[in-house]
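Here is my note on the open spaces in this protein. Please read it beside the coordinates.

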Amino acid sequence: MANEEKEKSLNFIEEIVENDLSSGKHKSILTRFPPEPNGYLHIGHAKSICLNFGLAESYGGKTNLRFDDTNPVTEDTEYVDSIKEDVKWLGFNWASEHYASDYFDTLHEYAEKLINLGLAYVDDSNSEELAAQKGTPTTPGTNSPFRDRSIEENLTLFREMRDGKHAEGSKALRAKIDMASTNMLMRDPIIYRIKFAKHHRTGDKWCIYPMYDLAHGQSDSIEQITHSVCTLEFVPHRELYDWFIEKLEIFPSKQYEFARLNLGYTLMSKRKLRLLVEENHVNGWDDPRMPTISGLRRRGYTPKSIRDFCDRIGIAKRDNMIDASLLEFFIKDHLNKISSRVMAVTDPLKVTITNFPEGQTEDCEIDNNPEDENSGSRMVPFDREIFIEKSDFLEEAPKKYFRLKPGGVVRLKGAYIIQCDDIIKDENGEVIELKCSFIENSKSGQDTSGVKCKGVIHWVSQKNNVPLELRVYDRLFKEEDVAGYDGDFRDILNENSLEVLKAYGEPSLKDATLEDKFQFIRKGYYVLDKDSTADKIIFNQTVGMRDSWKKK
């Protein structure tokens with residue numbers, strides 16, 4: 001049974017699983033996550049991963065990881081490795097690792113069995129002729145002139161295909177079903193084609209490869225998957241999968257469909273994402289603007305935030321658009337609990353504290369995370385000359401402005417209260433420096449000055465800081481419904497999706513690791529980028545403090 005502490009109602013797939021277990025239809029459940037190794041996984045795949053592995057976890061079952069590697073032209077071991085890394089990073093472990101290519105011999109036997117049953121034939125039609133034979137959704141198809149070849153001739157031709165005696169594209173094996181079916185996929189679909197391509201696992205052993213619809217459903221059956229969970233676009237395929245199971249008399253794996261994830265301003269097509277990479281619109285599959293799991297990881301998203309997001313959006317039977325701000329909500333919520341608060345200044349204004357001794361440095365103790373009492377504290381050097389943000393000073397400030405203004409006071413985070421005594425301007429009248437004084441006995445944690453101060457601003461020492469490059473990301477596309485856009489999806493790429501800023505950070509940031517999470521005070525959440533070096537420290541903004549996805 002599912003965890004009884006679960007307060008939310010069961011989704012429709014969980015209800016099916018519970019009924020199957022309670023009725024004795026299955027003693028235990030076995031699910032699978034079956035990606036094609038032709039690209040990196042994206043946030044939509046994360047939903048499927050969480051569902052398949054989550055079902056098994058909830059009901060004491062197991063999940064297989066299976067690579068549907070039936071197209072050697074588009075597949076690569078790089079994608080296999082990245083997929084395994086992503087699944088592990090999300091926190092899941094598979095019971096067994098399989099490949100559709102493990103079953104090529106069995107699938108070949110299935111094809112010959114269909115031929116022997118008179119349910120498959122070798123077709124010499126070219127692609128244009130095949131398309132014409134298919135008909136349309138409103139008109140039936142027409143039979144191929146090769147449909148009535150004898151079983152013996154079909155076996156001979158199919159084995160010749162296997163032996164490499166026929167050119168690529170010259171022949172294909174089709175299932176013999178019904179050219180008048182209202183389901184276009186049942187109109188004698190191709191189940192084997194000739195491809196003289198080296199496979200990433202089987203090498204040159206095969207020059208014929210099963211089509212996805214034969215390999216996918218039958219691999220589920222071979223592994224005896226009890227609940228084959230996939231997205232709604234596979235609804236029309238279910239009839240074909242069931243036909244294969246019936247005719248081949250094999251384990252009746254059952255398919256169930258759920259709505260895929262549609263996230264605003266986000267692309268969910270591996271093929272189109274690959275184009276973005278190949279055409280250099282982004283800097284690789286793990287570019288932090290990409291919706292890939294590796295891109296989200298590089299940007300600073302956590303496994304928990306993605307799993308919580310997938311849990312919240314739930315499993316539905318109808319497609320709907322999810323607001324991108326919901327994903328940001330979950331990462332903010334998690335990072336708020338685990339991130340160290342640090343200071344960085346992006347638009348510096350020099351402040352000289354005139355009554356602080358020249359050449360003297362004083363350590364200020366600052367809590368790492370007020371949300372976590374066990375997070376400890378660190379020392380930040382404070383001295384006579386510091387940087388604050390230009391936006392934290394207004395020469396003509398409104399009455400309820402609580403940052404720095406002429407004659408006003410403000411607290412420096414973790415340090416002293418300072419008062420603005422004088423303003424230095426350049427020849428253009430721009431403020432370039434503030435002369436301030438600190439209030440005696442006003443240091444944070446030991447303030448006995450009695451001075452009332454409502455505002456707190458961040459700062460860094462001018463002398464003791466670390467130069468940083470900050471990469472700030474916006475949505476990759478300018479239209480919310482990318483999949484529904486009529487034109488070329490590349491036309492709606494956001495040319496302002498990446499902003500690079502120079503900043504000055506407190507010295508502790510030079511020891512940051514890729515695993516560390518930071519909140520740059522009043523700026524957003526940041527994580528060290530993998531391209532960072534000792535000479536060039538680079539941080540990616542995971543998410544800003546405000547809702548950056550709010551519609552204008």
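1. Ground rules. This is a predicted model, where local features need pLDDT of at least 70, side-chain atom pairs count only at pLDDT 80 or more, and totals for chains, interfaces and linings use all residues. Residues are numbered from 1 along each chain as its sequence is written, and side-chain values use heavy atoms, with hydrogens and water left out.

2. Largest pocket. Its volume is about 770 Å³. A pocket here is an open set of points on a 1 Å grid over the protein atoms alone, where a 1.4 Å probe fits, with protein on both sides within 12 Å along at least five of seven lines. The volume is the space filled by probe spheres set on the points, which are joined across faces, edges and corners.

3. Its lining. Lining residues have an atom within 4 Å of a point. There are 27, and Glu-36, His-45, Thr-231, Glu-233 and Phe-234 lie closest to the centre. α2 (43-58) is among the elements giving two or more residues; with four, α2 gives the most. Helices (H or I, at least four residues) and strands (E, at least two) are DSSP runs, numbered from the N terminus.

4. Second largest pocket. This one holds about 650 Å³. Of its 25 lining residues, Arg-522, Lys-523, Gln-541, Met-545 and Arg-546 are closest to the centre. β23 (466-473), β24 (498-505) and β27 (537-544) each supply at least two. β27 has the largest share, three residues.

5. The largest pocket is lined by ten nonpolar, nine polar and eight charged residues. Ala, Val, Leu, Ile, Met, Phe, Trp, Tyr, Cys and Pro count as nonpolar, Asp, Glu, Lys and Arg as charged, and the others, Gly among them, as polar.
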